[in-house]
Amino acid sequence: METGTPESRSRPIKEEKDICLLYEPPSPYLDLMTKALVGSPRAGRCSVGRKSKACLPPHDPYNSFLRRFGDDWPPYGYTMIGIERLQSFMSAINEVNRNHVLGAIMEFGVWRGGAMIMAAAMQKERGTNRDLYLFDAFGPVGGNSYDTLHGLGRRNTYVWR
Ligand SMILES: C[S@@+](CC[C@H](N)C(=O)[O-])C[C@H]1O[C@@H](n2cnc3c(N)ncnc32)[C@H](O)[C@@H]1O
């Protein structure tokens, strides 16, 4: 049974979406990649509130709403961000390609790398050849872990020198 459907989370209205990034329906290949990367074929989920034991079985039942927006901690798959944010990322790549903007694609904080796997899949399909740079701390940084900072509400304010 599906649970957790906060009304505050919804797709942007059509007009709003149209003036931001252009949504393109994914090809069968990218649609399959999306499903594999967000972990939907194997299903299963771990709740955000149990992060430290997130990937130990048994998992909570798969919740497609949480996975859609990336509001859970998926035991399977390669990206946390969920279908909607993955599509937004794809739209951003389409946008720079469409406008012939030069440059690489970089992601800071890749987790299992799923978003950049999608970037690579798009390059393969579209024949583009941008450099891809992936960064991650893969653990505590400067004595402060991501979770600690997140818990303190300072997620976006930490500067590592
Ligand atoms: C929410 S996850 C990223 C999700 C990822 N973008 C995806 O598609 O699944 C946050 C990631 O950022 C990394 N991270 C957190 N703080 C960092 C830092 N200061 N420097 C580099 N990586 C960091 C964590 O190790 C973790 O992999």
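The model is predicted: local features need pLDDT of at least 70 and side-chain atom pairs count only at pLDDT 80 or more, while totals for chains, interfaces and linings use all residues. Residues are numbered from 1 along each chain as its sequence is written.

Asp31 is found in helix H2. Between Asp31 and Ile83 the C-alpha to C-alpha distance is 10.0 Å, at a sequence separation of 52 residues. Of the 161 residues of the protein, 19% count as buried.

The protein has six helices and two strands, in the order α-α-α-α-β-α-β-α from the N terminus. These are DSSP runs numbered from the N terminus, helices being H or I with at least four residues and strands E with at least two.

| Element | Residues |
|---|---|
| Helix H2 | residues 28-38 |
| Strand E1 | residues 105-108 |
| Helix H5 | residues 114-126 |
| Strand E2 | residues 132-135 |

E1 and E2 pair in the parallel sense over four bridges; pairing requires at least two DSSP bridges. Phe108 stands opposite Phe135 in E2.

Around the ligand are 16 residues, of which Thr79, Met80, Gly109, Trp111 and Ala137 come nearest; a residue is near if its C-beta atom, placed from the backbone, lies within 6 Å.

Conventions: Right-handed = clockwise from strand over helix to strand, strands pointing away. Buried ≥ 20, exposed ≤ 12 C-beta atoms within 10 Å, placed from the backbone.
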